[in-house]
Amino acid sequence: MIAPIYAASPARYDSMSYRRCGKSGIQLPLLSLGLWHNFGSRKPFEDVKDMACHAFDHGICHFDLANNYGPEYGTAEENFGRLMDTVFRPYRDELLISSKAGYDMWPGPYGNWGSRKYLMASLDQSLKRMRLDYVDIFYSHRFDPATPIEETMQALVDIVRQGKALYVGISRYPKEEAAKAYEYLAGHDVPCLLYQDRYNILDRVPQDNGQVDLAYGKGVGFISFSPLQQGLLTGRYLDGIPSDSRMARNTSLKRETLTPELLDTLRSLNDIAARRGQSLAQMSLSWLLSDPRVTSVIIGASSVQQIDDNLKSLDNRYFSDEELNEIDSLSLNLNFAL
Ligand SMILES: NC(=O)c1ccc[n+]([C@@H]2O[C@H](COP(=O)([O-])OP(=O)(O)OC[C@H]3O[C@@H](n4cnc5c(N)ncnc54)[C@H](OP(=O)(O)O)[C@@H]3O)[C@@H](O)[C@H]2O)c1
């Protein structure tokens, strides 16, 4: 008999905590894993597999994807399909897998934004790439000001009715449109499961503009993406720009972001983290998770070691008022462009 290539750790649920996602039956792990960078065709598949299996072995059972994650577009989903076939298929019912459509994916007028035509076709393509019959969550990736919101929302409703997604979510919608989306979806018996937005120590827009409260009040979960501001809120850039870092690639995280002012702030935040016995990455995740309105945070990672470092954020989620005030006084709220 051929031994299975991977058997998930029997202790996988022992150290992770799970939080109720709004008013739903779903609980999310406090840390989820996102496959935006580092899981596409430019990364060796063995590395992709090691990171995904390590995450699952530690209770991270929510994997966040989108049609265009890679790089190259589509290749994070293709690699996830390989993961399904090589390691994860026996665990399908333990996994919460999301995908999205809303940004640029293929040329022409039907490969972007929020039309029914795009969302339906894109999800069919995603399912093929990921070798899945259904996703657990399908998101409208961004609000489309040119498409009636009813068309986008009805597409989400119909996707659930077709059995291609169990739940739906929205990502980075303006507040007023998010409120309309929640109302439409609830009115069609497909309540919005999750609102996804960037929220971290350096970027508090969803807190300041009321999106976090709106989701909470409507019984919708809130999931934070780029909780480490793409790596800025870690030790990665305190002593220069490592050649294997996201900033060195200068794509979504630009070198010019790292101003002397920001570097000073990061060093001061790092000092607070050290006093708490944490790495800067751990403190940044703990800070988000100390807010009970945040259901989960979606971390990115380029190595197993980073996932391990981040998992330790669960150990110390208490902040004194002095620590919170000190962090607040340092934070720049830089309102980063993506
Ligand atoms: N809905 C949306 O519009 C949207 C937009 C963006 C992201 N997302 C989702 O959110 C997920 C996470 O986004 P993100 O990758 O920007 O998250 P992030 O957690 O803010 O940044 C991840 C990067 O930080 C660095 N890092 C992580 N842990 C570290 C540690 N312990 N020590 C040192 N460096 C560490 C790594 O950078 P290096 O690669 O340099 O090592 C890693 O790639 C995405 O994968 C995606 O699923 C959604």
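How are helix 4 and helix 5 oriented to each other? Oblique.

1. **Ground rules.** This is a predicted model, in which local features need pLDDT of at least 70 and side-chain atom pairs count only at pLDDT 80 or more, while totals for chains, interfaces and linings use all residues. Residues are numbered from 1 along each chain as its sequence is written. Helices (H or I, at least four residues) and strands (E, at least two) are DSSP runs numbered from the N terminus.

2. **Helix 4 and helix 5.** Helix 4 spans residues 149-161, and helix 5 spans residues 175-187. Their axes come within 10 Å and cross at roughly 45 degrees. Axes are lines fitted to C-alpha atoms, for helices over the stretch in contact; angles run from 0 to 180 degrees between N-to-C directions. Angles under 35 degrees count as roughly parallel, over 145 as roughly antiparallel, 65 to 115 as roughly perpendicular and the rest as oblique. The pair is therefore oblique. The crossing is right-handed, meaning that the near helix is turned clockwise from the far one by less than a right angle.

3. **What meets at that crossing.** Helix 4 brings I149, E150, M153, L156 and V157. Helix 5 answers with E177, K180, A181, Y184 and L185. By class, this contact has seven nonpolar, no polar and three charged residues. Here Ala, Val, Leu, Ile, Met, Phe, Trp, Tyr, Cys and Pro count as nonpolar, Asp, Glu, Lys and Arg as charged, and the others, Gly among them, as polar. Two residues are in contact if their C-beta atoms, placed from the backbone, lie within 7 Å.

4. **Helix 9 and helix 10.** Helix 9 (residues 260-275) packs on helix 10 at about 85 degrees, with the axes 8 Å apart. The two are therefore roughly perpendicular. L269, N270, I272 and A273 in helix 9 meet L280, Q282 and M283 in helix 10. That contact divides into five nonpolar, two polar and no charged residues.

5. **The core.** The largest nonpolar core has 90 residues. Such a core is a set of buried Ala, Val, Leu, Ile, Met, Phe, Trp, Tyr and Cys residues joined through C-beta atoms within 7 Å. Buried means 20 or more other C-beta atoms within 10 Å of a residue's own; exposed means 12 or fewer, and partly exposed lies in between. I137, F138, V168, A181 and C192 have the most contacts inside the core. Helix 10 (residues 280-289) gives the largest share, seven residues. Leaving aside neighbours within four places in sequence, V168 has contacts that include I137, F138, L156, L185 and C192.

6. In helix 2 (residues 75-88), the buried residues are T75, A76, E77, N79, F80, L83 and F88. They pack against helix 1, strand 5 (96-101) and helix 3 (116-130). In helix 11, I307, D309, N310 and L311 are buried. Their partners are strand 3 (31-34), helix 1 (45-57), helix 10 and strand 10 (296-299).

7. **Two cis bonds to check.** The peptide bond from G70 to P71 is cis, with omega near -20 degrees. The bond from P71 to E72 is also cis, with omega near 0 degrees. P71 lies in the loop between strand 4 (62-64) and helix 2. E72 lies in the loop between strand 4 and helix 2 as well. Most residues other than glycine have a negative phi, and most peptide bonds are trans.

8. **Positive phi.** R131 is not a glycine, but its phi is positive, about 55 degrees. R131 sits in the loop between helix 3 and strand 6 (135-140) and is partly exposed, with 16 other C-beta atoms within 10 Å. S226, also not a glycine, has a positive phi of about 45 degrees. S226 is in the loop between strand 9 (221-225) and helix 8 (246-249). S226 is buried, with 25 other C-beta atoms within 10 Å.

9. **Two loop residues.** L258 lies in the loop between helix 8 and helix 9. L258 touches Y237, M247 and L263, not counting residues up to four places away in sequence. D315 lies in the loop between helix 11 (304-311) and helix 12 (321-330). D315 is exposed, with 11 other C-beta atoms within 10 Å.
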